[in-house]
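Thanks for coming. I will go through one model today, beginning with a single pair of side chains and ending with how the chains meet.

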Protein chains: 2
Amino acid sequence: MKLKWHRRTVRLHHPFQTAHSPRDVPPAKEVLLVSIEHGGAVGWGEAAPVSYYGQSLASAEEVLLAAADMIGRDPFALDETIDGLLKRFPSQPAAVSGVDIAMHDLVGKLLDKPLWVHFGLKRGPLPLSSFTIGIDRPEIIEKKVVEAEAFPILKVKVGTPGDDQTLSAIRRVAPRKTLRVDANSGWTSANLLDRCRSVLAYDVELIEQPTAPGDDDALPALREAAHVPIIADESCHGVDDVRRCAGLFDGINIKLSKCGGIRQARLMIDAARSCGLKIMLGCMVETSVGIAASAQLASLADYLDLDGHLLMADDPFEGIGGAGGVLTLSDRPGLGVRPRA
Amino acid sequence: MKLKWHRRTVRLHHPFQTAHSPRDVPPAKEVLLVSIEHGGAVGWGEAAPVSYYGQSLASAEEVLLAAADMIGRDPFALDETIDGLLKRFPSQPAAVSGVDIAMHDLVGKLLDKPLWVHFGLKRGPLPLSSFTIGIDRPEIIEKKVVEAEAFPILKVKVGTPGDDQTLSAIRRVAPRKTLRVDANSGWTSANLLDRCRSVLAYDVELIEQPTAPGDDDALPALREAAHVPIIADESCHGVDDVRRCAGLFDGINIKLSKCGGIRQARLMIDAARSCGLKIMLGCMVETSVGIAASAQLASLADYLDLDGHLLMADDPFEGIGGAGGVLTLSDRPGLGVRPRA
């Protein structure tokens, strides 16, 4: 198998801001695309490293350089190859995920089967995906919510001093839409219940990652008070985190770039189900390659937050849909995406 | 897809006796073979219903009759089909497993890939399987152990008054072999520690299902005293039992006929791993069809107890090996087994 990769700069519709990136980021982003060629077919993957998990494009490229020598000749040897990469690079799951996705796409193409078929999963109905409204000045937020009219489920980052302004702005334009909030570890045990109460006043469906990983003491009281599901994100990276989350959260947000790819995500889903945890599939700002990889498992999820590709003005791939929160699994083999003409 | 089934009587090398079947059973057994034809290929499955789980050949055949109408046209739609069957026939996992195995074999054949390849799993090294020595008079047991000379791991049912005689007989012939004991729920909380102590004197590797399901009160003390893994069998049927077992046992024995097939077994393995439980793959008295189905997952197991086909003098299928406890995954598509010429 011949593994290659390249960076590509994509334009974003809006600057992207979360509790982790308090300043405006220019509306463009470099993505890291991976390809594996074998037997006349090419599998596409994407690595979406995130700096606050100690990963970067450069660190991911180092892993890919090593992976090119490690992946061997058998695209079907996923367990061995991915286990080997995760063992050698435990802190670089995003890069490993890039390899995992490309190998899966390749396997699907060699078998001439979409991955969801290969996995024996249902094509649908899939849950609707949320669409993220980036934090901004209230008048900009109102404009963004208007632009997002087609999306029945919105998600917004909270955990900054302007939460009330943000949520008021959303509710002014969309008083009845399903609304999810993601605190991105932005609250602390000390202010948690107050913050939670003020957010719940805006009728939210769920709360993601209220406090920093490890700052769990107030979570039981929160779950008692909130009456909406509390979903782990930063507290749940990989398979080994699932069981501990079962006592603290109602569900987990599984992202391929946190856990190491499709294969690990399937293990996490199975583990989470057996623990009674709800499952959200989430993403970074990713092209249709990364989104399609998660979407193959979407029939197993309770919540989808797979809108990363929709934030791009010039996604280099297409084939997964997403308008109005509706993701569509295609009949094309592998991930079912193709480079945009 | 066209589903058919037939019973077949196979001869056994020895009468088969456990704590559940205290009297000798004639050395023959009816097996229930399932076939699904689609697109010019035939997938083989096997249902191994067990009476003490409320299943019989007749009840399994009723499920297969309904399944023939329910399985639809798409052999790849495993999640939908198997979930549908398990929902409709929750008390008949052995019959559902027969359908699941046949669909998997069919999928592998349509893709021209062995199932272990299709699953992305390793071919090996696989753990060695144990070989079961049926309970009998001591002189017969000694003879059986001599006959089992090639098998490095023996398993024996305990939980009857003759345990000491049985274990002494085995240790006289095979003083140093790895020995596993299966109490098949035969002990009670009242006599557990005494029985356990006397069994451990024979240097056993693990103890399976010491007490009846639900009679769990003495298990913590047993685990404290035993210093060998305690494996759940009757206490762990399906996915929903895994999490509860994590607090009580060190591992679980996964059998396709208890859980509903390969698909459910994979979910159980993933769940068990995330709970830190060890994994044994076990079987009933089954032909090479049923054994090959479990064996596809063998690289994920800590312990194998896949000797059901070796108890048959005229297994109607071949292709999985088993001599000396060595199971071999073949390069042939699907299960990799074929009717014996």
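I start with A:D331 and A:R123, whose side chains meet in a salt bridge, 3.2 Å from N to O. A salt bridge here is a side-chain nitrogen of Lys or Arg within 4 Å of a carboxyl oxygen of Asp or Glu. A:D331 lies in the loop between β12 (317-318) and β13 (338-339) of chain A, and A:R123 in the loop between α4 and β4 of chain A, so the pair ties together parts that are 208 residues apart in sequence. Helices (H or I, at least four residues) and strands (E, at least two) are DSSP runs, numbered from the N terminus.

A:D331 counts as exposed at 57% relative accessibility, and A:R123 is partly exposed at 36%. The cut-offs are under 20% relative accessible area for buried, over 50% for exposed, and partly exposed in between, with a 1.4 Å probe and protein chains only.

Some housekeeping. This is a predicted model, in which local features need pLDDT of at least 70 and side-chain atom pairs count only at pLDDT 80 or more, while totals for chains, interfaces and linings use all residues. Residues are numbered from 1 along each chain as its sequence is written, chains are lettered from A and ligands numbered from 1 in the order in which they are written, and side-chain values use heavy atoms, with hydrogens and water left out.

Back to the salt bridges. How many are there over all chains? The count comes to 44. One of them joins A:R7 to A:E30 at 3.3 Å, N to O. A:R7 is in strand β1 (residues 2-11) of chain A and A:E30 in strand β2 (residues 28-38) of chain A, so this pair ties together parts 23 residues apart in sequence. Both ends are partly exposed: A:R7 has a relative accessible area of 35%, and A:E30 has 36%.

In chain B, B:E30 forms a salt bridge with B:R7, with the closest N and O atoms 3.3 Å apart. There is also a network of salt bridges in chain A, linking A:K155, A:K157, A:D182, A:E208 and A:D305.

Next, backbone geometry. Most residues other than glycine have a negative phi, and most peptide bonds are trans. The peptide bond from A:G124 to A:P125 is cis, with omega near 0 degrees, and A:P125 sits in the loop between α4 and β4 (131-133) of chain A. In chain B, the bond from B:G124 to B:P125 is cis, with omega near 0 degrees.

On phi, A:N184 has a positive value of about 45 degrees although it is not a glycine. A:N184 is in the loop between β6 (178-182) and α7 (192-200) of chain A and counts as buried at 3% relative accessibility. B:Q209 has a positive phi near 40 degrees. B:Q209 is placed in the loop between β7 (206-208) and α8 (219-226) of chain B, and is buried with a relative accessible area of 1%.

Two buried helix residues are next. A:A265, in helix α11 of chain A, has a relative accessible area of 0%. Which residues does A:A265 touch, leaving aside its neighbours within four places in sequence? They are A:I254, A:L256, A:C259 and A:L297, where contact means heavy atoms within 4.5 Å. A:S294 is in helix α12 (residues 288-295) of chain A and is buried at 2%. With neighbours within four places in sequence left aside, A:S294 is in contact with A:L256, A:L281, A:G282 and A:L306.

Last, the interface. The contact takes 25 residues from chain A and 25 residues from chain B. The two chains bury about 2200 Å² between them, 53% of it on carbon and sulfur atoms; buried area is the accessible area (1.4 Å probe) that two parts lose on being put together, summed over both. Between chain A and chain B the count is 0 salt bridges. On the side of chain A that touches chain B, the largest share, 6 residues, comes from α11(A).

How do the copies relate? A rotation of 180 degrees with 0.0 Å of shift along its axis superposes chain A on chain B, RMSD 0.0 Å, which is the relation of a two-fold axis. The superposition is by least squares on the C-alpha atoms of residues with pLDDT of at least 70 in both. In chain A, the C-alpha nearest the axis belongs to A:A271, 2.1 Å from it. Finally, 100% of the interface residues of chain A are also interface residues in chain B, so the copies meet through the same surface.
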